[in-house]
Amino acid sequence: MDKKKEARATTGAVSRRQFVKTASAVSAASIFGFQVVPSRVFGANDRINLGAIGTGGKGAADIKGSVAAGMNVIALCDVVDISNSPELGPRQEPLFGTRKEHPNAKFYMDWREMLEKEKDIDAVTVSTPDHHHAHASIMAMKMGKHVYCQKPLTHGIWEARMMAKVAEETGVKTQMGNQAHAQDHMRRCVELLRAGLLGEVNQAYAWTNRPIWPQGMPTFPEKMVVPDNLDWDIWCGPAPFVNYSNKIAPFVWRGYWDYGTGAFGDMACHIMDMPYWALDLGSPEKIDVETFGGTEVSCPIWSKVTFYFPARGEGTKPVRFIWYDGKVDAQWDDAEWKHVGGEANLPTESVLAGVDPLGKEGFGSIVIGSEGRLFFNRSKPNWMVKPSVGLDGFDFPPETLERAPDQDPYKEWMRAIQGGPEALSNFKQSGPFTETVLLGVLAQRLQQSFEWDAEKMEVKGMPEAAKYIRRDYRDGWPLEV
């Protein structure tokens, strides 16, 4: 590498297309203040053109799912351009596969440029790190495009509320990527709990073996040379700019506050989903937290977070929902750049009695009521009720929730776009749910308990928390709704 090229790489400057993309970005960013574009109404036989934002890893899966549902990929966007990659690492292989499968799709490295130029896009998938979710999704919705956005729906609480607001204003069809929400066994458990299977429910638990990436980092890692095929400036996007390191991207970003939301962001939208949905929990009034290893830079090594939900109406009780993640007694190892040792952080043995909490996946949930408890794992259809005698004579209710075609979230989204029923993880549902999940993240970050005012969207008596609820964005990345 010559000295001029090396200097460009080490400063984190944008790619060779900097001038064109910067000019386009200024124009595209202004779309946030434009009048909303109405979404197009599609018929069952209409062709729906997809623009994909994020094409590796989960992005590759979202593209495959959308294509299998019947969409036509016309544009791809990723901050990594594999056409300029003589050697690919294991995490870049999906990028190559996606480009190979869609050779006629126009490729972009800046999603703002893609949305501005590709007028024929009808729908987008947003499969980026968390800090891009709201910006990309809101811009797309304001342009009248239907959106499938990965979980967590947003990086911040204010963003989640704005996502739901803009989706309602634009009328576009939306879906969050917590896939099990589309599966029959989850929807059946929701129906059973609402029918009173467990009597009056007052407790729920959820746990995960995440993080399986480093967390608890005391500082950002040392600067590394930016790969030639990566636009690091666009990767940082609306979040604070830091020097590139492969200890941040492409995988460890989940453990940094500026870009990810830790174990909560990765798994809570999956494993808190069924109890939250079934019990119609809404917003909690108070949150308690026990946590270890969190720093100004990074999420904690483990945490226990308790959400206190009020009664939701006649026949309901207040619910205490407790979340566990990480490994107790694990320690940060600076030389290895990861946490080591420790034991799984789980509910007490009395709560877990009669169930293997980890199994193969390392996550699960339990709902407890006056008549028994239900053990649920989103990836296993054989949910379990204890005591099983509680099923004897129970009047099983009819199906009341719409079922997704083939239990497929992409087909459910596609059906909604074509005039069918709303996808059930649409932003009206997943926006408030994500707010609750991110309140857990806020508790981890504040490292103290607090009371929550949902209407005002603020922590009572703690104005210093406002900067985490609605954060400032980097220059050039406005978000106006």
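Buried means under 20% relative accessible area, exposed over 50%, and partly exposed in between, using a 1.4 Å probe and protein chains only. The model is predicted, so local features need pLDDT of at least 70 and side-chain atom pairs count only at pLDDT 80 or more, while totals for chains, interfaces and linings use all residues. Residues are numbered from 1 along each chain as its sequence is written, and side-chain values use heavy atoms, with hydrogens and water left out.

**Stop 1: helix H6**

Select residues 133-142, which form helix H6. Helices (H or I, at least four residues) and strands (E, at least two) are DSSP runs, numbered from the N terminus. H6 is mostly covered, with 10 of its 10 residues buried. Among them are His133, His135, Ser137 and Lys142, as well as Ile138, Met139 and Met141.

**Stop 2: the salt bridges**

A salt bridge is a side-chain nitrogen of Lys or Arg within 4 Å of a carboxyl oxygen of Asp or Glu. Searching the whole structure gives 21 salt bridges.

Select glutamate 422 and lysine 173, whose side chains meet in a salt bridge at 3.1 Å, N to O. Glutamate 422 is in the loop between helix H13 (409-417) and helix H14 (427-446), and lysine 173 is in the loop between helix H7 (157-170) and strand S6 (174-177), so the pair ties together parts that are 249 residues apart in sequence. Glutamate 422 is partly exposed, at a relative accessible area of 37%. Lysine 173 is also partly exposed, at 21%.

Next, select aspartate 266 and arginine 210, a salt bridge with its closest N and O atoms 3.0 Å apart. Aspartate 266 sits in helix H10 (residues 262-271) and arginine 210 in the loop between strand S7 (201-208) and helix H9 (232-236), so this pair links parts 56 residues apart in sequence. Are these two residues buried or exposed? Aspartate 266 is buried, with a relative accessible area of 7%, and arginine 210 is buried, with 17%.

Move to lysine 304 and glutamate 290, whose side chains meet in a salt bridge at 4.0 Å, N to O. Lysine 304 belongs to strand S9 (residues 302-309) and glutamate 290 to strand S8 (residues 286-292), so the pair ties together parts that are 14 residues apart in sequence. Lysine 304 is partly exposed at 25% relative accessible area, and glutamate 290 is partly exposed at 43%.

**Stop 3: a network**

Finally, select Asp184, Arg188, Glu191, Glu399 and Arg403, which salt bridges with shared partners join into one network.
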